[in-house]
Amino acid sequence: MTAVEITGIANSGAGVGRLPDGRVTFVQRTAVGDRVEVRVVEEKARWTRAELVRVLAPGPGRREAPCPHYDRCGGCTLEHLEYAHQLEAKAQVAADALQRIGGLDVAVPDIEASPRELRYRNRVTFTLRRAPGGVVAGFHALEEPDQLVDVSGACLLPEEAIARAWADLRSGWGPDARLLPSGEELRLTLRSSRDGVVALVVDGGYAPGRPGELLEAVAGLVAVWHRPEAASAYRLLAGEDVLRDHWSGDEVELSGDVFTQVNRSAAEKLEAHVMERVLAAGPARVLDAYSGVGVYTRRLEQAGVDVAAIEAHPRAVAEARRAAPASMVLEGTVEDRLGEGLPTDVAILNPPRAGVGQEVVDRLAAEGPDRVVYVSCDPATLARDLKRLGGSYEVVGVRCFDLFPQTAHVETVVELERCGTT
């Protein structure tokens, strides 16, 4: 056992300290300023991973985690920090990535807090595992991905409608969860609308179970979707084929696995910032790459801007075309269809966690606009992409948004201008 002083928070949510031999050690459930006793559980030449044995002296940001599942659950990693300290840690994580990976000389960015610290997620995915001893359903255990922590409706991440539906689903799916599709392991996603109704999306398994009975057993559940093992698409098993939601005054029609941000109130702040920065350039034409259901596309169209959007998901494309009929919405990957959206005055990049491909970087460097607004959910891939673009674009603005309170994830918006335009 070793005493360690925690001096920072890593992008995994683990506290960072140094062992007496100088090696960095990562310790989950610790706070900056903590003096802790740890046990090393993994050793490398330059770093180690340790588990917390006890807190010798707490740091100023430590608190008692409010969730009853937090001891072992990996669904959250920062719940033991006061919210203001979570925000500080996330902004520092973003700055560290931009400086270390991206080679950028940037200050720690401002970060916008989520209006709701708890009960904010409108979409939550649980894992269900059937075993001889019964059914376990919840999140993977902290740093033990093979283990599941059984999570009840007392989990503090979901919106209230999802928490109620999850509690009812757990009590209503029957012995061995027989009303759900069959299979040893399933991924169960509950997504809610502003009206409080919930759809269930099941990934995995094979036979469909008894979806009609499931709708009767779970109050507020309006649809069950399923993608069996080895299938490429989800299909509606029972209930309504569209979940209608309201997003910043717009009606959005969702189905199956179509993506939207999980924190609606914080997302509205992020989206307002993106729109402000895009429209500040007075563009006549905007490229909305990785456009999803077209949240930016429809608003830009309403503002009188000519928009070209690119999205790979067919159902998201259909919704974007419905909501923004005057815009050009291209179905396919950004790599394949970027050229059709150029030239443009401003490009919005809002890629998945993996970031943008090298083909996109090369095309933007050669033919891209004078201004790019990049929305990222992963500071590491963001920093990598900014480094790739560094010969053509320079960073002129960075702001973070906390869409995922209690976790280490952070959303970052970066404004880029082509080198030599200022």
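Which helices each supply at least two residues of the negative patch? I found that they are helix 7 (334-337) and helix 8 (358-367). I kept in mind throughout that this is a predicted model.

**Entry: the negative patch.** I noted its members as Glu-335, Asp-336, Glu-359 and Asp-362, gathered on the surface. I then picked out Glu-335, which lies in helix 7. Its relative accessibility came out at 32%, so I wrote it down as partly exposed.

**Entry: strand 16.** Is strand 16 largely enclosed or open? I looked at residues 285-289 and found four of the five buried, so the strand is largely enclosed by the rest of the structure. Next I looked up its pairing with strand 17 (residues 306-311), which is parallel and runs over five bridges. I also marked Ala-289, which stands opposite Ile-310 in strand 17.

**Entry: salt bridges.** How many salt bridges does the structure hold? I have 35 in my notes. Side chains of opposite charge can pair when their charged atoms come close.

I began with Glu-43 and Arg-23, whose side chains meet at 3.0 Å, N to O. This pair links distant parts of the chain, 20 residues apart: Glu-43 sits in strand 4 (residues 35-43), and Arg-23 in the loop between strand 2 (15-18) and strand 3 (24-27). I checked cover for both partners. Glu-43 is exposed, at 54% relative accessible area, whereas Arg-23 counts as buried at 18%. The cut-off for buried is under 20%, so Arg-23 falls on that side of it.

**Entry: Arg-49.** Which residues does Arg-49 meet in salt bridges? I listed Glu-42, at 2.9 Å, N to O, and Glu-143, at 3.1 Å, N to O. Arg-49 lies in strand 5 (residues 47-57) and Glu-143 in the loop between strand 8 (134-141) and strand 9 (144-150), so their pair ties together parts that are 94 residues apart in sequence. Arg-49 is partly exposed at 22%, Glu-42 is partly exposed at 25%, and Glu-143 is partly exposed at 40%.

Key. Residues are numbered from 1 along each chain as its sequence is written. This is a predicted model: local features need pLDDT of at least 70, side-chain atom pairs count only at pLDDT 80 or more; totals for chains, interfaces and linings use all residues. Side-chain values use heavy atoms; hydrogens and water are left out. Patches are made of residues with over 30% relative accessible area and no salt bridge: like charges are joined within 9 Å, nonpolar side chains (Val, Leu, Ile, Met, Phe, Trp, Tyr) within 5 Å. Accessible areas come from the Shrake-Rupley method with a 1.4 Å probe; for residues, only the protein chains shown count as cover. A salt bridge is a side-chain nitrogen of Lys or Arg within 4 Å of a carboxyl oxygen of Asp or Glu. Lys and Arg count as positive and Asp and Glu as negative; His and the chain ends are not counted. The place of a charge is taken as NZ of Lys, CZ of Arg, CG of Asp or CD of Glu. Buried means under 20% relative accessible area, exposed over 50%, partly exposed in between (1.4 Å probe, protein chains only). Two strands pair if DSSP finds at least two bridges between them.
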